[in-house]
Amino acid sequence: MNVLVIGNGGREHAILLALKKSKRVEKLYCMKGNAGTAQIAENVDVDYMNTEAVKKFAAEHPEIDYYVVAPDDPLAIGLVDELEAMGKRCFGPRKNAAEIEASKAFAKSLMQKYNIPTAEAQTFDSYDKALEYVRKKGAPIVLKADGLALGKGVLVCEDLKQAEEGLKEIMLDKSFGKAGNVIVIEECMRGLKYTPGEEVSVLAFTDGKTIVPMITSCDHKRANDKDKGLNTGGMGTFSPCPFWTEELEKEVYESIMLPTMNAMNAEGRTFKGCLYFGLMRTDKGMKVVEYNSRFGDPETQVVLPMLKTDLMDIFEAVTDEKLADLKIEWEDGACVCVVLASGGYPLGYAKGKEITVGDIGDCQIVHAGTAVKDGKLVTNGGRVLGVVAKGKDIETARKKAYKAVDNIHFDNKHYRTDIGVKYRQG
């Protein structure tokens with residue numbers, strides 16, 4: 001089979017690396033891709049947010065058998081619908097199902113309607129009414145821009161001043177553009193006292209009839225060590241989550257995963273693809289923090305390297321609604337990803353810095369914001385590379401990852417030194 005993956009970040013490179021292992025995949029393409037994807041796939045220079053341009057390319061390339069739409073933006077505008085209308089086979093939800101991520105207000109109303117455990121919340125399209133509500137509720141409180149905001153549209157406000165400033169930033173200053181036209185205001189859920197860890201990401205394959213959770217992972221969102229600094233798209237991840245148990249998985253499956261799949265079916269929005277559950281462990285059980293309508297980034301970078309089952313088999317089982325017939329298997333052990341970012345990220349940062357890579361042992365480099373200029377590998381984004389290491393446990397994997405990090409260089413390289421630290425074994 002010839003397979004095209006849409007997207008240009010670390011998640012897409014990780015998906016391509018997994019597909020490269022498939023005995024069924026002959027040639028890989030990536031639209032638009034990066035310097036890393038170019039090493040294993042043919043990069044296609046087409047703007048995937050221009051549906052007409054994508055459809056033109058698809059019509060001109062009948063040799064491509066399957067399309068994987070990976071990022072949130074093209075899913076939200078209905079690229080899967082457009083490709084399927086042309087008779088193309090795809091992995092990824094249709095537009096009306098991708099709404100579960102594209103609109104936090106929709107996701108919240110869905111959870112409230114179907115009694116899926118989540119934080120108490122109200123939705124507003126009026127700044128004055130939102131401000132009145134925030135002053136009535138007090139802090140800490142969470143503000144969420146309704147639309148897509150590159151993973152940065154959530155503000156956790158510890159005091160009322162922060163909340164008032166955040167509300168102005170989202171709804172009046174439009175820091176996240178039209179994503180902030182509507183706002184969801186939530187109670188600030190507090191996880192259980194550190195045991196360790198309170199939040200966990202669980203990705204799941206679903207064909208609308210069956211839902212199968214993948215191995216768990218934990219993300220580090222803040223830019224700096226000890227969870228300080230601004231929210232980013234993710235500075236590193238590790239898998240599995242140390243506090244995850246069979247009992248917790250059963251609880252989450254029965255109270256959150258299955259009800260979400262069934263709720264989407266009941267709403268006429270059958271979800272087929274990868275459904276991401278961002279969860280928090282509280283004194284009242286597991287609750288949903290957020291949904292994503294696709295593989296997480298950088299969660300994918302630690303989940304897919306542990307997959308033993310052929311990823312292409314899974315994709316086609318989802319497309320054909322035969323997921324129940326497939327046994328999905330995972331490797332034992334742990335996986336850690338340390339993200340190397342451009343200094344200044346998530347705000348302003350320079351591009352075009354030359355990257356040199358020395359001995360990285362058996363670690364894998366996943367490219368995110370990279371390009372080739374004058375024959376040299378250079379930085380081309382905020383998150384530049386992910387260094388991925390596997391080991392018998394988290395501590396072994398993280399030591400390997402950081403040893404490799406020391407042998408990768410570019411000007412103003414920024415990374416966290418504590419990915420997985422508080423979750424050390426023993």
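Q: What is the average pLDDT of the protein?
A: This is a predicted model, and pLDDT expresses the predictor's confidence in each residue. Here the average is 94, and 97% of the residues score at least 70.

Q: Over which residues does pLDDT stay under 50?
A: That stretch is residues 193-197, for which the model has ten contacts beyond four places in sequence.

Q: How many disulfides does a search of the whole structure find?
A: A disulfide is a covalent bond between the sulfur atoms of two cysteines. In this structure the search returns zero. Cysteine 90, for example, takes part in no disulfide, and the nearest cysteine sulfur, that of cysteine 30, lies 15 Å away.

Q: Are cysteine 90 and cysteine 157 buried or exposed?
A: A residue counts as buried when its relative accessible area is under 20%. Cysteine 90 is buried because its relative accessibility is 4%; cysteine 157, with a relative accessible area of 2%, is buried as well.

Q: How many residues of helix α6 are buried?
A: Helix α6 spans residues 104-113 and is mostly covered, with seven of its ten residues buried. Among them are Phe106, Leu110 and Met111, but also Lys104 and Lys108. Just after α6, asparagine 115 adopts a positive phi of about 55°.

Q: What is the strand order in the open sheet of four strands?
A: The order is β6-β9-β7-β8, and the pairing is antiparallel. Strands β6 (121-124) and β8 (154-157) form the edges, each pairing on one side only. On average, neighbouring strands of this sheet are turned by 20° against each other, direction ignored. Within it, β7 (residues 141-145) and β9 (residues 183-187) are joined by five bridges, and alanine 145 has isoleucine 183 of β9 as its bridge partner.

Q: Which residues have the most contacts inside the largest nonpolar core?
A: A nonpolar core is a set of buried residues joined through side-chain atoms. The largest has 51 residues, and Ile100, Trp244, Phe277, Leu279 and Tyr291 have the most contacts inside it. Helix α9 (residues 246-266) supplies the largest share, seven residues. A second, separate core of 42 residues includes Val5, Ala14, Phe205 and Met214.

Conventions: Residues numbered from 1 in each chain as written. Predicted model: local features only at pLDDT ≥ 70, side-chain atom pairs only at ≥ 80, totals over all residues. Heavy atoms only, no water. Disulfide = S-S within 2.5 Å. Buried < 20%, exposed > 50% of the residue type's maximum accessible area, 1.4 Å probe, protein only. pLDDT = per-residue confidence, 0-100. Contact = heavy atoms within 4.5 Å. Helix = DSSP H or I, 4+ residues; strand = E, 2+ residues; numbered from the N terminus. Pairing = 2+ DSSP bridges. Axes fitted to C-alpha atoms, helices over the stretch in contact; angles between N-to-C directions. Core = buried A, V, L, I, M, F, W, Y, C linked by side-chain atoms within 4.5 Å.
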